Amino acid sequence: MNDLTSMSDLPAFRRRGGLRGRSLIPVGGERDVSVNRVPRDILPLPPEETHRSIAWRPGIFGALDIGTTKMTCLIGKGEADGSIQVLGHGWRRSHGIRSGSIVDIREAEAAIRATVGQAEEAAERRMDSLVVNLSCGRPLSRLVDAQIPIGGREVTAGDVQRLIAEGQARAWMEGREVIHTLPIGYVVDSIPGIADPIGHQCEELATRMHVVDMNSSALRTLDAVLQHAELKLDGLVASPFASGISVLAAEERELGVTVVEMGGGTTSLAVFCEGKLLHTAQIRVGGLHVTRDIAGVLSTSLETAERLKTMYGAAQMGSDDQREILSVPLIGENSDRLVRLQRSKVISVIQPRIEETLELVRQSLDNAGLGRLANGRVVLTGGASLLEGIVPVATRILGRPVRMGKPQNIYGLPETAAASAGFSTAAGLLAWAAGADRDFGDISAPEPRPRGLVKRLVGFIRNNV
């Protein structure tokens, strides 16, 4: 069939300037447009290959989410159908943690012991090591470019390792520890988008890597607290990265999506595109700040404020909120007295803080330097995202499509499906431990560089003898 048809031969509705009202009906009568149409020859795409199921690592794994308001330990294993089964869980209120950082070692250690012990008892299994979330140490996200000469020969695995080492050397900063080294893609003689350069013939090989690092002293503190609790650090995963693993479909990560994990002490975000993690950021505002706002304005306890937020809170006003009356106990001299107030009063305290948090998220995305890659759909998750009406507020402020995200393909979480968004990070950590890390090609960071002449000499002898 000839597609180069003259304008005079086209149906009347295709020559019109626009499609309005009944413009799809040909001039001269209301009949089915497709009745006399000659079918167009179309070459369909080949069928997709059957989607492979995830090949989990054998064994049982543990994950520990150290949050500002709660700690969660999950012990589980991967199933043959691609799902994850939780065999035991521990869920306790956090102590010794503020804005994701350890501020009291003894309290944090006791909370970790209790949380992990609860999970071990339920799973009837003792865990020696755990994968833990990264939220302390002021994590930073950077893109690093590296290139090496090849000289016209075939690229080998050793060349790729040398390129990665060059990128890690460029990423190294005094007082910082690299946690994630994620190659975004390779460039072979200025040809981008190479997934695996091994076997290519080229003059120069280059890559862009996404590096996430943290304060070295915070990592040492975390490791020491775990050791005091008789546990080993089996791996660190950035909190929004872990949440993205648990709440996103592979197609979403391919097309482009931002996960916003709204926790108790921090709000963190991760940008995915083409199946890669491109950017992470952390904002030191979370659900606990909303609770403190309510307690301060209403002169009530933090426990009462948390209950008000959970049971009656919302991100925006509703038509019936002024008619619903709540009884709130006071603190201080009038601690034995209840005050009656409208539900709208509680919401009027919550709404500005939620809007401020989402404005900070929007600014962080706009300043990330990712352009259109950060303009895709936004998925909200985390315990603080469970406020009623938060999706339309986020859609308005972020200027992007927004949906709620909950852990997928994991069974046996501590809470019902309605509140499971609060366990997105823990679910992603368990998936990472079981084998989900293979999809991202994370490369372990090099050993810390020795400082000073003597230490450099010791390091040289250690590496070459």
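Modeller: Let us begin with a pair of helices. The axes of α9 and helix α10 (residues 390-398) come within 9 Å and cross at roughly 45°. Please note that this is a predicted model, in which local features need pLDDT of at least 70, side-chain atom pairs count only at pLDDT 80 or more, and totals for chains, interfaces and linings use all residues. Residues are numbered from 1 along each chain as its sequence is written, and side-chain values use heavy atoms, with hydrogens and water left out.

Biologist: What makes α9 and α10 oblique to each other?

Modeller: Axes are lines fitted to C-alpha atoms, for helices over the stretch in contact, and angles run from 0 to 180 degrees between N-to-C directions. Angles under 35 degrees count as roughly parallel, over 145 as roughly antiparallel, 65 to 115 as roughly perpendicular and the rest as oblique. The angle of α9 and α10 is roughly 45°, and the two helices are therefore oblique to each other. Their crossing is right-handed.

Biologist: Which residues make this contact?

Modeller: From α9 come I354, E355, L358, E359, V361 and R362, and from α10 come I390, V393, A394, R396, I397 and L398. Contact here means heavy atoms within 4.5 Å. The residues of the contact divide into eight nonpolar, no polar and four charged. In this scheme Ala, Val, Leu, Ile, Met, Phe, Trp, Tyr, Cys and Pro count as nonpolar, Asp, Glu, Lys and Arg as charged, and the others, Gly among them, as polar.

Biologist: How are α7 and α9 placed, and why is α7 called oblique to α9?

Modeller: The axes of helix α7 (residues 287-298) and helix α9 (residues 343-366) come within 9 Å and cross at roughly 140°. That angle makes α7 oblique to α9. In this pair, α7 passes α9 in a right-handed crossing. On the α7 side the residues are H289, V290, D293, I294, V297 and L298, which meet K345, V346, V349, I350, R353 and I354 in α9. This contact has eight nonpolar, one polar and three charged residues.

Biologist: What makes α5 roughly perpendicular to α11?

Modeller: Helix α5 (residues 239-247) and helix α11 (residues 424-434) pack at an angle of about 80°, with their axes 7 Å apart. That value makes α5 roughly perpendicular to α11. The contact joins S239, F241, A242, S243, I245, S246 and V247 in α5 to S424, T425, A427, G428, L429, A431 and W432 in α11. By class, eight of these residues are nonpolar, six polar and none charged.

Biologist: Let us turn to single residues. How do you know whether S344 is buried or exposed?

Modeller: Buried means under 20% relative accessible area, exposed over 50%, and partly exposed in between (1.4 Å probe, protein chains only). S344 has a relative accessible area of 7%, so S344 is buried. This residue lies in helix α9, and S344 touches M317, D321 and Q322, not counting residues up to four places away in sequence.

Biologist: Why is E166 called partly exposed?

Modeller: The relative accessibility of E166 is 29%, and E166 therefore counts as partly exposed. E166 is found in helix α3 (residues 157-171). Not counting residues up to four places away in sequence, E166 touches A146, Q147 and I148. The C-alpha atoms of E166 and I148 are separated by 8.1 Å, although the two residues are 18 apart along the chain.

Biologist: What is noted about the phi of S299 and of N409?

Modeller: Most residues other than glycine have a negative phi. Phi of S299 is near 55°, a positive value in a residue other than glycine, and N409 has a positive phi of about 60° although N409 is not a glycine. S299 is in the loop between α7 and α8 (302-312), and N409 lies in the loop between β18 (402-404) and β19 (410-411). S299 counts as partly exposed because its relative accessibility is 36%. N409 is likewise partly exposed, with a relative accessible area of 48%.

Biologist: Which residues touch the most other members of the largest nonpolar core?

Modeller: Of its 38 residues, these are I294, V346, I354 and L380. A nonpolar core is a set of buried Ala, Val, Leu, Ile, Met, Phe, Trp, Tyr and Cys residues joined through side-chain atoms within 4.5 Å. Helix α9 gives the most to this core, with seven residues.

Conventions:
Helices (H or I, at least four residues) and strands (E, at least two) are DSSP runs, numbered from the N terminus. A crossing is left-handed if the near helix is turned anticlockwise from the far one by less than a right angle, and right-handed if clockwise.
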